[in-house]
Amino acid sequence: MYVETEERPEPAPVTTEAFEEPADPFVETDEVETAAPAQAPKKPVIRSKTTEPIDKPGAEADEDAEPVAPAKDGFNGFLNQMFGGLFNLAPSAKELEARELAASQGRFEDLIRQSTWTRAVGLLVANKKGTAGKTPLSILLGGVLAAIRGGSVAILETSDDKGQLAYRAEGDPQLGMGELVANISNVRTQSQLRGYTVTQTSFASVIGSTPKWRPPLTRENVLDVASIVDEHFTIRVMDTGNQYSSGPFGAAVDVADVLVIPTMLAQDAVSEALELLEFLEHQGAEAARLARTAIVVMMSDGRPEFKPSRLKKQFMDKGIAEDHIYSVPYDAHVAERGALTLDKLTPATRQALTAIAAGVVAQTNQNVFEKDQNR
C-alpha cells in the first residue's frame with residue numbers, strides 16, 4: 001500500500017489586520033499564545049495521507065522535499081510494526097508536527113552548544129517594572145544555556161539592593177554578592193569564586209544574596225564582579241534592578257552584549273519596557289545597539305492579561321523585529337514563586353525557553369562580532 005505526499009503550505013504572512021482586535025483588550029487564560037520558535041531553519045515539511053503510498057510512481061515530486069519516514073507512532077505506526085513495514089503507512093499530521101518540533105529543538109540546541117567566543121559574553125535581563133519576570137527569566141534562561149552547554153554560566157544579582165535571585169534559585173547560599181564584593185580583592189581562582197555561588201541542577205552558578213542585609217551595590221562593584229566572573233565563566237546573565245539611572249544598572253549595560261526584556265502580558269509592564277528601549281537609545285552607540293537588537297519575552301502568570309498581539313505590535317512599532325519577540329506559556333511551577341528547577345517545567349515551557357535561548361545566542365554571535373570589529 002502506498003501514500004502520496006504533499007507539501008505543507010507555508011503559513012500566511014502576518015498583516016496589520018491581524019492586530020485589529022475587539023475593544024476589550026483582555027483574554028481568558030487559555031487564549032494566551034504559546035511560544036513560537038522563531039529563527040528555526042526553514043525546511044520543507046511534508047504532509048502525507050495515511051492511505052496512499054510514499055513516493056507514488058508517476059507523481060510529480062518536489063526536488064527539495066525530503067522523503068518522509070513511515071509512521072512510528074499511533075495506529076499507522078502500530079500497523080507498520082505489526083506487519084514489519086510491509087505497508088509503509090505514512091505518519092499522521094500529529095506525528096509530523098512532533099517530528100518537526102523535535103528537529104527544530106535539535107537545531108536550537110546545536111546552535112546553543114556549538115557557539116563559541118574568544119571572550120566571555122554578557123546577557124542583560126532588564127525591565128523597569130517590578131514583577132515583570134526578570135528574576136525567573138534570568139534563572140531559567142541561564143539554566144537552559146548551562147544545561148545545554150554543560151555549565152560555565154553565571155547568573156548574577158546586579159540590583160542596587162538585595163533582590164530575590166537567591167530566593168528563586170535552588171539552594172541556600174552561605175556566601176553571596178555582598179560577601180563577594182567585600183572580599184573581591186582576595187578572589188583570584190575559580191575555586192575561590194565558586195565559594196560565593198550556588199550550583200543549580202542545570203549546572204548554572206547563581207550569585208545572589210544571603211538572607212542577611214547587604215550594602216547597596218555601586219557601579220564599581222558590578223564592574224569588579226563582572227570582571228572576575230568573566231575570567232572563569234563563558235556566559236554572564238545579569239538580573240538587574242528597576243532604577244535605570246543607578247550606577248549598578250549603568251555598569252551592567254556597559255558590560256552587556258545582548259538585552260533580554262521580560263514582560264508580563266500587561267500594559268504597565270510593556271510601557272516600562274518601551275521606556276527602557278527609549279532610555280538606551282540615548283546612552284551611546286553600544287547601548288543603542290542593545291535596544292535595537294533586544295529580545296522580548298512575553299510571559300504569563302495567570303492573572304487577567306492583554307491580548308499578546310496588541311502588546312507585540314507595540315514592540316514592533318518601536319522597531320523590535322517580529323522574530324525577536326517570544327512567548328512563554330503559563331507554567332504553574334513558575335507562577336508559584338518558589339525556587340525554580342528546569343525539570344519541573346512543563347515540556348511546552350522548556351521548548352519555549354530553548355527557542356529563546358537559541359535566539360539570544362544567535363543575537364549574541366552577531367553583536368559580539370560587530371562590537372569586537374569596531375574596537
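Mentor: Let us begin with a definition: a residue is buried when its relative accessible area is under 20%. By this rule tyrosine 244 is buried, and phenylalanine 249 is buried as well. Please keep in mind that the model is predicted.

Trainee: Why is serine 202 called buried?

Mentor: The relative accessibility of serine 202 is 7%. The cut-off is under 20%, so serine 202 counts as buried.

Trainee: Where does serine 202 lie, and which residues is serine 202 in contact with, leaving aside its neighbours within four places in sequence?

Mentor: Serine 202 belongs to the loop between strand 6 (198-199) and strand 7 (205-207). With those neighbours left aside, its contacts are Gly143, Ala146, Ala147 and Leu342. Contact here requires heavy atoms within 4.5 Å.

Trainee: What makes the approach of serine 202 to the backbone nitrogen of alanine 204 a polar contact?

Mentor: A polar atom of the side chain of serine 202 lies 3.3 Å from that nitrogen of alanine 204.

Trainee: Let us turn to the aromatic rings. Why is the pair of tyrosine 244 and phenylalanine 249 called tilted?

Mentor: A search of the whole structure gives 2 aromatic pairs. In the pair of tyrosine 244 and phenylalanine 249, the ring centres are 5.2 Å apart and the planes stand at 35°. Centres within 6.5 Å make a pair, while planes under 30 degrees apart would be stacked and planes over 60 would be edge-to-face.

Trainee: Which residues do the ring pairs link into a cluster?

Mentor: The cluster consists of Tyr244, Phe249 and Phe279.

Trainee: How many cavities are there, and what makes a space a cavity?

Mentor: The count is 3 cavities of 30 Å³ or more. A space is a cavity because a 1.4 Å probe fits there but cannot get out. The largest cavity holds about 70 Å³. Its lining includes Ser202, together with Ile139, Leu140 and Gly143 among others. Helix 3 (residues 134-149) contributes the most to this lining, namely 3 residues.

Trainee: How are the lining residues of the largest cavity divided by class?

Mentor: They comprise 6 nonpolar, 5 polar and 1 charged residues. Glu170 is in the lining, and Glu counts as charged.

Trainee: What can be said of the second largest cavity?

Mentor: The second largest cavity has about 50 Å³ of space. Strand 5 (153-157) and helix 7 (219-232) are the elements that give two or more residues to its lining. Helix 7 provides the largest share, 4 residues. By class, this lining has 7 nonpolar, 2 polar and 1 charged residues.

Trainee: How does a pocket differ from a cavity, and what is the volume of the second largest pocket?

Mentor: A pocket is an open set of points, whereas from a cavity the probe cannot get out. The second largest pocket has a volume of about 520 Å³. Of its 27 lining residues, those closest to its centre are Thr131, Gly133, Lys134, Thr135 and Pro136. Helix 3 gives the most to this lining, with 3 residues.

Methods:
Residues numbered from 1 in each chain as written. Predicted model: local features only at pLDDT ≥ 70, side-chain atom pairs only at ≥ 80, totals over all residues. Heavy atoms only, no water. 1 Å grid on protein atoms, 1.4 Å probe; cavity = no way out; pocket = protein on both sides within 12 Å on 5 of 7 lines; lining within 4 Å. Points joined across faces, edges and corners; volume = space filled by probe spheres on them. Buried < 20%, exposed > 50% of the residue type's maximum accessible area, 1.4 Å probe, protein only. Polar contact = N/O pair within 3.5 Å; in protein donor to acceptor, adjacent residues only side chain to side chain. Phe/Tyr/Trp six-rings, centres within 6.5 Å; stacked < 30°, edge-to-face > 60°.
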